[in-house]
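Subject: Handover of a structure, with notes

Dear colleague,

I am passing on the structure below, together with some notes on what was found in it. Please look through it with the text at hand.

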Amino acid sequence: MSEPDVQAFLLSVSEDLVPSTTPISSSTISIDFDGILDPPLLLQVDPTECGGQLWPAGMVLAKYLLRCKMEELREKTMLALSLYPTRPSSIHLTDLARILPITLRNMELNGLTASASISADALEWGSSISPKIPPKPDVLLAADCVYFEPAFPLLLQTMQELMGPETVCYFCFKKRRRADTNFVKMARKVFDLRDVEDDPEKEVWGREGVHLYVLAHRLVYEEKVCIKQN
């Protein structure tokens, strides 16, 4: 699957499914996630690139982590398959090579380029994983990664390679087409997949077709159940 094919598909999606983001030209915006983040995050927005825009599931996941999981994640090593930086002890951002300059620019805008706790590298689903990307992180973040059905097997393959036995994955996407649920069916065959229930805004984003899950290897949940029963 070539990058131009995916890009053409995404840019062809009608605005009744994905509302246009503003501004209409590349610029820098400030976002505090409804007052949760102080100081706010600075982001370069480029509406000509799908990876340079704000998407609903990314916002939902970022707000959930900031609101409900910051203390839990503070000392974790985190790997993001496309998201905004939070503030754990270590985070590694990934995106397509074409989008990486935007990611690096956003790191620069927020004073993170000189930080040893945050880094970024290119990652193409289904391809070999760079040794610079930390293996088996504590937490894997994935938002707005479900958008092109032919890429579902590649995404799942990459997640399987990245996730260790103790890795917890927070996975969020907005359902835009019936086929989008096929990824969930595929993921259930490999991982233990559970709905997030502790977000106070779940009813709000649920009405907008956003889904938020926690994934882990089945063995982890099975061992925890056995320990609890014993």
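The notes that follow cover the sheet, one aspartate, the salt bridges and one lysine.

This is a predicted model, in which local features need pLDDT of at least 70 and side-chain atom pairs count only at pLDDT 80 or more, while totals for chains, interfaces and linings use all residues. Residues are numbered from 1 along each chain as its sequence is written, and side-chain values use heavy atoms, with hydrogens and water left out.

The sheet

An open sheet is formed by 7 strands in the order β5-β4-β3-β6-β7-β9-β8, with mixed pairing; two strands pair if DSSP finds at least two bridges between them, and helices (H or I, at least four residues) and strands (E, at least two) are DSSP runs, numbered from the N terminus. The edge strands, each of which pairs on one side only, are β5 and β8. From one strand to the next, the twist averages 20°, where axes are lines fitted to C-alpha atoms, for helices over the stretch in contact, and angles run from 0 to 180 degrees between N-to-C directions. In general, the strands of a sheet pair through backbone hydrogen bonds, either parallel or antiparallel.

Strand β3 (residues 77-80) pairs with strand β4 (residues 90-95) in the parallel sense over 4 bridges. The bridge partner of Met 78 in β4 is Ile 91, and that of Ala 80 is Leu 93. Strand β4 also pairs with β5 in the parallel sense, over 5 bridges, and here the bridge partner of His 92 in β5 is Ser 119. Because 5 of its 6 residues are buried, β4 is largely enclosed by the rest of the structure; buried means under 20% relative accessible area, exposed over 50%, and partly exposed in between, with a 1.4 Å probe and protein chains only.

Helix α2 lies across β3, β6 (139-143), β7 and β9 (210-217), running at about 155° to β7, whereas α5 lies across β7, β8 and β9 and runs at about 130° to β8.

Asp 121

Strand β5 (residues 118-122) contains Asp 121. This residue is buried yet has no salt bridge, and the nearest side chain of opposite charge, that of Lys 132, is 4.3 Å away. A salt bridge is a side-chain nitrogen of Lys or Arg within 4 Å of a carboxyl oxygen of Asp or Glu; for charge, Lys and Arg count as positive and Asp and Glu as negative, while His and the chain ends are not counted. The side chain of Asp 121 does make a polar contact with the side chain of His 92, at 3.0 Å; such a contact is a pair of N or O atoms within 3.5 Å, where within protein one must be able to donate a hydrogen and the other to accept it, and residues adjacent in sequence count only if both atoms are side-chain atoms. Leaving aside neighbours within four places in sequence, the residues in contact with Asp 121 include Leu 93, Thr 94, Leu 100 and Ile 133, contact meaning heavy atoms within 4.5 Å.

Salt bridges

The structure holds 12 salt bridges. In one of them, Glu 201 is joined to Arg 67, with the closest N and O atoms 3.2 Å apart. This pair links distant parts of the chain, with Glu 201 in the loop between β8 (191-195) and α6 (202-207) and Arg 67 in helix α2 (residues 56-73), 134 residues apart. Glu 201 is partly exposed, at a relative accessible area of 27%, and Arg 67 is partly exposed at 28%. Asp 34, Lys 63, Arg 67, Asp 199 and Glu 201 are linked in a network of salt bridges.

Lys 69 and Asp 198 also meet in a salt bridge, at 3.7 Å from N to O. Here too distant parts of the chain are linked, Lys 69 being in helix α2 and Asp 198 in the loop between β8 and α6, 129 residues apart. Lys 69 counts as buried at 12% relative accessibility, whereas Asp 198, at 40%, counts as partly exposed.

Lys 175

Lys 175 sits in the loop between β7 (168-174) and α5 (181-188) and is partly exposed, with a relative accessible area of 37%. The C-alpha atoms of Lys 175 and Glu 208 are separated by 8.7 Å, the two residues being 33 residues apart along the chain.

With best wishes
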